[in-house]
Amino acid sequence: MQIPDEMRNILYANYFGYVCTSDRFDQPHLTPVFFVYDENSQKIFFITNERSKKIKNLTENPNVSITIDIRDPVNPFNNEGVMAQGTANITDRAPIYFLSEETLQLYYDIYLEFKSKYQKVIDNKPMGENDVIIQINIEKMVYWKGPHFKSLKFSKDSQVFF
Amino acid sequence: MDKSEKKEMKWIYEEIVGRIPPFSLLSYKYSILLQLLLLLVIGIFLGFVFNIEQISMLYGSLAILVAVSWSLLILQLAPTLRKFRAPLSKDENELLERYKDILFNRNHYEAVPGLVIFIPFMFYLFYQGTDLLEMWLGKEPHIILLLFVSLLIWDICYRMGLGLWTSALALWRSIRLKRLAEKRTELEHTPYTELRYLQKLDINNVFFGIISLLLLPIFKTDEFLFTVILVFMFFVTFTSVISAYIISKVPWLPPDIYDLVNESSFAYIGTSLGGITHVTPVVYVFDGQKIYFNTSKEAKKLKTMQQNNKVAFLIDKRDMSNIYENKAVMFTGEVKIYGLIDIPLRLFSMLGALKLFMKKYPEYTKKYSSSELPKAWQLTPIISRILVEVKPVKIIYWRGAKQISVPV
């Protein structure tokens, strides 16, 4: 199944995503992140520091949502965006030689994608020592343009990485 | 040595009394209460022994009641100031340290206004031929009664002095703080909690002023003293109201974050219900003190917030050309959802917010009012667009890749 074009366009054409996690007391937490969308697996990935509050929240509660949008300060009818809700997988945090082959491959693929997308920003910097990749398994996606909404549910059988 | 003395923050009278048993065995607050209760008991006892008129005993009790209420209000000062966190601005910190230092100075300046009231008052009472003494105690009162009344008068005068002293100092502090706040740079500020503490102390002093009205019946036969009490009441009440007002105008956000919140046009609101999170963009306004955003009555986030009012609210400046200049601020805390019930009480702040929305997003307001839109989207104020206020408990600020936690 392919997601509709207008949703895909948003996911590909934008650089910032806003990730919302919440802790065990249901207190939300929100941060801007760089992200990539992987068409094959229909998953969203972002990189974050393993000591961040996001990671702490995700270990307590794996539910996550991310919003990616285009904002027009003048005309609200041009506002367009998607919000994906789902659960997060955190890649293993271990020295490279302990990682499984699939995880290494994932690191490699995702990192290359990040590099090509954020060329200007991250140059040739390697991934930070404490950085981990978060995979969002999308369960539901909402799309809006102006006052119009569209929502999409994802089946659970989509490919799982780890 | 200096430090421990500073921590004490006690006034001379309370300190002396605090050293005499049984008061020394009790906490500061209870020792004052016991002391005044004792006065009341002694007063009533003396009243019966010397056959004092009932009305006079009522006057005495009234004076003791005033002294108790004043003590309870003014005694909140020290503990509140003791838990005060240092402002994140060198100048503001210096100012508040100086304020505390003068307020609880080793030389005990606070007793001066009390003495300045007490001495002329006693002089007036005993030598100016006023009939107050006779009205209170009858003709040729016993010396013990006179001593007791003098003690009571000292209690009142001393606390009146404290009231003048604390409210005048508070006004000076608020004016200085407001001026210093205008010169802040980057992340300098005095946290919200501390500003609210100062405001609360000022409001205590407003009550302090109003309570002095209870003294009026005691002085009703003496026009001059009656006027003095009224002047005192007006002075304390007004300086405290003004001081509290000035504090309410001191920005609780440091300039970097203030500007970001003031200049940015969009925000994201994150909510969570049963662990399931939700994040959407919203339009918002900032009046210098409060942050409001707008949501449709039909919105999912509104239903979520009605069940769990904890939110995360993020405002950022995004610029791909210079990533290291990107700034973002996240407030976590609670929201207050405004409904019809709030209209009578908060009409002005609601109208103020609405006006700010129309000014900040004129096109939005125009387009939202068009009747072709789905009902939930029409900007019929209050009815279909709900006003929500963000009440932050924690602030996280990002500048480039640096993350800074800012005390609220």
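Thr304(B) sits in helix α13 of chain B, residues 300-307. Helices here are DSSP runs of H or I with at least four residues, strands are runs of E with at least two, and both are numbered from the N terminus. Is Thr304(B) buried or exposed? Thr304(B) is buried, because 21 other C-beta atoms lie within 10 Å. The cut-offs: buried takes 20 or more other C-beta atoms within 10 Å of the residue's own, exposed takes 12 or fewer, partly exposed is in between, and the C-beta atoms are placed from the backbone.

A word on the source. This is a predicted model, where local features need pLDDT of at least 70 and side-chain atom pairs count only at pLDDT 80 or more, while totals for chains, interfaces and linings use all residues. Residues are numbered from 1 along each chain as its sequence is written, with chains lettered from A and ligands numbered from 1 in the order in which they are written.

Back to Thr304(B). Which residues does Thr304(B) contact, leaving aside neighbours within four places in sequence? They are Thr271(B), Leu273(B) and His278(B). Contact means C-beta atoms, placed from the backbone, within 7 Å. Lys359(B) is 55 residues away from Thr304(B) in sequence, and 29 Å away in space, C-alpha to C-alpha.

Now chain B as a whole. It has 15 helices and seven strands. Its radius of gyration is 28 Å, well over the 22 Å that the globule rule gives for 408 residues, so chain B is more spread out than a compact globule. That radius is taken over C-alpha atoms, and the rule is 2.2 Å times the number of residues to the power 0.38. Along the principal axes, the C-alpha atoms of chain B fill a box of roughly 90 × 50 × 40 Å. Of the 408 residues in chain B, 34% are buried. Take the contacts in chain B with a separation of 6 or more: 74% of them join residues 24 or more positions apart.

Next, the domains. Chain B divides into domain 1, residues 2-248, and domain 2, residues 255-406. Those bounds come from an automatic or database domain assignment. How far apart do the C-alpha centres of the two domains lie? The separation is 43 Å. The contact between the domains takes four residues from domain 1 of chain B and four from domain 2 of chain B. On the domain 1 side, one residue is nonpolar, one is polar and two are charged. Nonpolar here covers Ala, Val, Leu, Ile, Met, Phe, Trp, Tyr, Cys and Pro; charged covers Asp, Glu, Lys and Arg; the others, Gly among them, are polar.

One helix to look at is α11(B), residues 223-248. It has 26 residues and reaches 37 Å from first C-alpha to last, close to the 38 Å expected at 1.5 Å a residue. The expected span is 1.5 Å times one less than the number of residues. Buried residues of α11(B) include Val236(B), Thr239(B), Ser243(B) and Ile247(B). The cover over its buried residues includes α9 and α10 of chain B, the latter spanning 192-211.

On to the two chains. Their contact takes 31 residues from chain B and 31 residues from chain A. On the chain B side, β1, β2, β4, β5 and α15 each supply at least two residues. β2(B) gives the most, with six residues. That side of chain B divides into 16 nonpolar, 10 polar and five charged residues.

Then the core. The largest nonpolar core has 108 residues, and those with the most contacts inside it are Ile44(A), Ile66(A), Phe313(B) and Leu314(B). Such a core is a set of buried Ala, Val, Leu, Ile, Met, Phe, Trp, Tyr and Cys residues joined through C-beta atoms within 7 Å. Helix α9 of chain B, residues 143-181, gives this core its largest share, 15 residues. At least three residues come from each of domain 1 and domain 2 of chain B. Ile66(A) touches, among others beyond four places in sequence, Val19(A), Phe35(A), Ile44(A) and Ile136(A).

Last, some loops. Gln42(A) lies between β2 and β3 of chain A. Its phi is near 55 degrees, positive in a residue other than glycine. Gln42(A) is partly exposed, with 18 other C-beta atoms within 10 Å. His108(B) lies in the loop between α6 and α7 of chain B. His108(B) is not a glycine, yet has a positive phi of about 55 degrees. Pro22(B), in the loop between α2 and α3 of chain B, is exposed, with 10 other C-beta atoms within 10 Å.

Methods
Two residues are in contact if their C-beta atoms, placed from the backbone, lie within 7 Å.
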